[in-house]
Amino acid sequence: MAVKNAQVKSALALLIEEKLGYPMVKGVQPLLSQNAKYNAQRNTENQYIVRTQHHVLKRALKRQQQDKIQRQQNIESVMGMALSLCPEVTARGRPDPDWLDHFVSLAEDIANLAMQKLWAKILVGESISPGTFSIKSLQTLKLMTQKEANAFQRCAPLCGYLEKEDSFLILHGYYKRPSILDLIRKGSTESINLSQAGLSFPNILTLMDIGLLYRQEIESATMQKGQSLKLVYQKQKLQLSAKSNDLVLSYYKLTQTGDELKRLIQAPISKQYKGLLHSALDSEFNLEWIKKTEST
């Protein structure tokens, strides 16, 4: 245990030196007079001081300089990745100058390589088609914690794209409305346990809290026999056709911000989720899968 503690402390010391530009060492506590004891008590938990002869102003300026260098390296990395990822296509315009200023001010603080790649994809997408990503989406992505990012990664393989609404949704069940002549019967209901496909209910609540999913479940219009709904799952299209009357699909819908950020994550449909869809919907719907490259 002592070795582990020492390793953590050494790593912390290196991290602090990297950020401050100077090492910190234990300071010698001077003898205190009776009058000075009161003021000293407010800082008894800090036993360390910066080891340098430089004045605090010079230390502050050095740290600011290091921060500026890091930010410059970050934004250069993002923009270099963007050039590497950009396809040879015709642009539909030029990104709005205000949007570009916001992008740079937010992206220059991103040091993680995986996140830099996401920001590079945003810059490419906005360069191809200005207006694809809102400033709100940029701010949401910047403030996203690792826990929130993981929840969104789990959500992506379950999202089907509804072309007619230009949005993504997650099907999780259906119910059959009881007929007018059969008021006692509640109608059949079938729900998908999304946690079996990797998206737990806490994940769903997390995505609702950060504004990527609408808080309420949404229902489709009542479907009659023969009516269909088409969803795109990256390289596959799913056509759901009702086998009987009065069927209503239920789903979670991504918000506009969720839709924009989902476009950054190209994930094939989860095999577990695909199996759950068949198990839940097969009794009342015909499920036909078509390769996206084929005509539908």
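1. Start with helix α10. The model discussed here is a predicted one. The buried residues of α10, which spans residues 271–281, are Tyr273, Leu276, Leu277, Ala280 and Leu281. Viewed down the axis of α10, those buried residues fall within an arc of 105 degrees, so they line one face of the helix.

2. What do the buried residues of α10 pack against? Strands: β4 (167–176), β5 (189–191), β7 (228–233), β8 (236–242), β9 (247–253) and β10 (285–291).

3. Overall content. The protein has 10 helices and 10 strands. Of its 296 residues, 35% are buried. Take the contacts between residues at least 6 apart in sequence: 73% of them join residues at least 24 apart.

4. Next, helix pairs. Two packed helices are described by the angle between their axes and the distance between the axes. Helix α4 (residues 97–107) packs on helix α5 (residues 113–128) at an angle of about 170 degrees, and the axes are 11 Å apart. The angle is over 145 degrees, which makes α4 roughly antiparallel to α5. On the α4 side, the contact is made by Trp99, Leu100, Phe103, Leu106 and Ala107. On the α5 side, Trp119, Ile122, Leu123 and Glu126 take part. By class, the contact of α4 with α5 has eight nonpolar residues, no polar residues and one charged residue.

5. How do α3 and α4 pack, by angle and axis distance? The angle is about 120 degrees, with the axes 9 Å apart. These two helices are therefore oblique to each other. From α3, the residues Asn74, Ile75, Val78 and Met79 meet Phe103, Val104 and Ala107 in α4. This contact of α3 with α4 divides into six nonpolar residues, one polar residue and no charged residues.

6. Is Asn74 buried or exposed? Its relative accessibility is 4%, so it counts as buried; the cut-off for that class is under 20%. The Asn74 side chain reaches the backbone oxygen of Glu108 at 2.9 Å. Beyond its neighbours within four places in sequence, Asn74 is in contact with Ala107, Glu108, Asp109, Ile110, Ala111 and Gln116.

7. Ile204 lies in helix α8 (residues 201–209). At 4% relative accessibility, Ile204 counts as buried. Leaving aside neighbours within four places in sequence, Ile204 is in contact with Leu194, Leu199, Leu213 and Tyr252. Cys155 is 49 residues from Ile204 along the chain, and their C-alpha atoms are separated by 8.2 Å.

8. Two backbone points. Most residues other than glycine have a negative phi. Asp166 is not a glycine, yet its phi is positive, near 50 degrees. Asp166 is located in the loop between β3 (160–162) and β4. With a relative accessible area of 41%, Asp166 is partly exposed.

9. Where is Gln234 found? In the loop between β7 and β8. Gln234 also has a positive phi, about 55 degrees, although it is not a glycine. At 26% relative accessibility, Gln234 counts as partly exposed. The strands on either side of this loop, β7 and β8, are among those that the buried residues of α10 pack against.

Key:
Residues numbered from 1 in each chain as written. Predicted model: local features only at pLDDT ≥ 70, side-chain atom pairs only at ≥ 80, totals over all residues. Heavy atoms only, no water. Buried < 20%, exposed > 50% of the residue type's maximum accessible area, 1.4 Å probe, protein only. Helix = DSSP H or I, 4+ residues; strand = E, 2+ residues; numbered from the N terminus. Arc of directions from axis to C-beta. Contact = heavy atoms within 4.5 Å. Axes fitted to C-alpha atoms, helices over the stretch in contact; angles between N-to-C directions. Parallel < 35°, antiparallel > 145°, perpendicular 65-115°, else oblique. Nonpolar A, V, L, I, M, F, W, Y, C, P; charged D, E, K, R; others polar. Polar contact = N/O pair within 3.5 Å; in protein donor to acceptor, adjacent residues only side chain to side chain.
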